[in-house]
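This report describes a model of protein chains and DNA strands. Please consult the sequence and the structure shown below while reading.

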2 protein chains.
Amino acid sequence: MSDLDPHVHQPARLRILMLLSGVDSADFAFLQKTLQLTKGNLSSHMARLERAGYVRVTKAFHGNMPNTSYRLTRLGRTRLAAYWKAIDEIRHGAE
Amino acid sequence: MSDLDPHVHQPARLRILMLLSGVDSADFAFLQKTLQLTKGNLSSHMARLERAGYVRVTKAFHGNMPNTSYRLTRLGRTRLAAYWKAIDEIRHGAE
DNA sequence: GTCTCTGGTTTGTGGTACAAACTAGTATGC
DNA sequence: GCATACTAGTTTGTACCACAAACCAGAGAC
C-alpha cells in the first residue's frame, strides 16, 4: 500500500510538478503566472520541493535582472510517477 | 479549472470515501481496521465528512453495544466523482 | 533624487492531521 | 459484587504547514 507522498499530494505542488514535468525548465515568473499563485506561496512551495530534492534551482541574471528557474530532478520525476501509481491504486483498488 | 476539494484531497479521507463508495455502509470498527487509522484520527475525519455533508452517520445498538455506521450521501458521491474529474484534468492537462 | 516595477524571501496566522489521553459503558474473571 | 480488561468511540494538545501580507533589494522611468 504505497502511500501518497505528502510533498506531491498538495494541490499547488502537484500542479507545479506536472507543469515542470512537461517543460524541461521554467522560471519563477512563468510558474507564478500560469499557476496563479502568490509569490510567497510559490516561493515556499519551491523551497520545499528543493529541500526535498525534487527540483533543482538555478539562479542567474538575464541582463541585469535576477532570474530563478526550476527543473525537475530525476528524483522528482520518479516520485511524481510513483504518486500517480499510488493514486491509481486508491482509485482502482489495487493492492 | 475546477479545484481539488480539500475535504476529499487528503489521503485518509480519500480512502474512506473510496471505501464507502463501494459498500453502501460501513461501521467505525470496520473502517478503522481496513484503513489502519487510529480511532482518534478516524473519528475526526468522519466528523469532518459529516459536517461537510459527505457522509450520514447512524448510531445504533447491536445487542448492548453501541455501533456507529457511515454511509456516503449523494453529495459525497458527487464530490468524489468531481474530485476524480479534477485529478484527471491535472493529470492530462485538460482545461 | 524618488517612484514604481520586477523578482523574489521572510514572517505571522489560522487551520488541521495526528496520536495520546480521556470518557462511557460492557463483558469477564475471581 | 468488585476489579480488571475490553469495546467503542470523542476530546484535547501539539506540531506542522499553506497561505498571504509585509518586507527587501535592485533596476528602470521620469
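How far is a phosphate oxygen of DNA strand C from an N or O atom in the side chain of B:Asn41? The distance is 3.2 Å.

## Basis of the model

The model is predicted, with local features requiring a pLDDT of at least 70 and side-chain atom pairs counted only at pLDDT 80 or more, whereas totals for chains, interfaces and linings use all residues. Residues are numbered from 1 along each chain as its sequence is written, chains are lettered from A and ligands numbered from 1 in the order in which they are written, and side-chain values use heavy atoms, with hydrogens and water left out.

## The surface near DNA strand C

A residue is near a strand if one of its heavy atoms lies within 4 Å of it. Around DNA strand C there are 18 residues, of which A:Lys39, A:Ser43, A:Thr68, B:Arg13 and B:His45 come nearest. By class, this surface has 4 nonpolar, 10 polar and 4 charged residues. Here Ala, Val, Leu, Ile, Met, Phe, Trp, Tyr, Cys and Pro count as nonpolar, Asp, Glu, Lys and Arg as charged, and the others, Gly among them, as polar. Sugar or phosphate accounts for 69% of the atoms of DNA strand C within 4 Å of the protein, and bases for the rest.

Phosphate oxygens of DNA strand C also lie 3.2 Å from a polar side-chain atom of B:Thr38 and 3.3 Å from one of B:Asn64. Two or more residues of the surface come from each of helix 3 (39–51) and strand 3 (65–72) of chain A, and helix 3 (39–51) of chain B. Helices (H or I, at least four residues) and strands (E, at least two) are DSSP runs, numbered from the N terminus.

A phosphate oxygen of DNA strand D lies 2.9 Å from a polar side-chain atom of A:Arg13.

## Helix packing between the chains

Helix 4 (residues 74–92) of chain A packs against helix 1 (residues 11–21) of chain B at an angle of about 30 degrees, with axes 9 Å apart. The two helices are therefore roughly parallel, a term for angles under 35 degrees. Residues A:Ile87, A:Ile90 and A:Arg91 meet B:Leu14, B:Arg15 and B:Met18. This contact (heavy atoms within 4.5 Å) has 4 nonpolar, no polar and 2 charged residues.

## Two loop residues

A:Gln36 lies in the loop between helix 2 (28–35) and helix 3 of chain A. Although A:Gln36 is not a glycine, it has a positive phi of about 60 degrees. A:Gln36 counts as exposed because its relative accessibility is 65%, the cut-off being over 50% relative accessible area (1.4 Å probe, protein chains only).

B:Gln36 lies in the loop between helix 2 (28–35) and helix 3 of chain B. B:Gln36 is exposed, at 64%, and has a positive phi of about 60 degrees.

Notes:
Polar contact = N/O pair within 3.5 Å; in protein donor to acceptor, adjacent residues only side chain to side chain. Axes fitted to C-alpha atoms, helices over the stretch in contact; angles between N-to-C directions. Parallel < 35°, antiparallel > 145°, perpendicular 65-115°, else oblique. Buried < 20%, exposed > 50% of the residue type's maximum accessible area, 1.4 Å probe, protein only.
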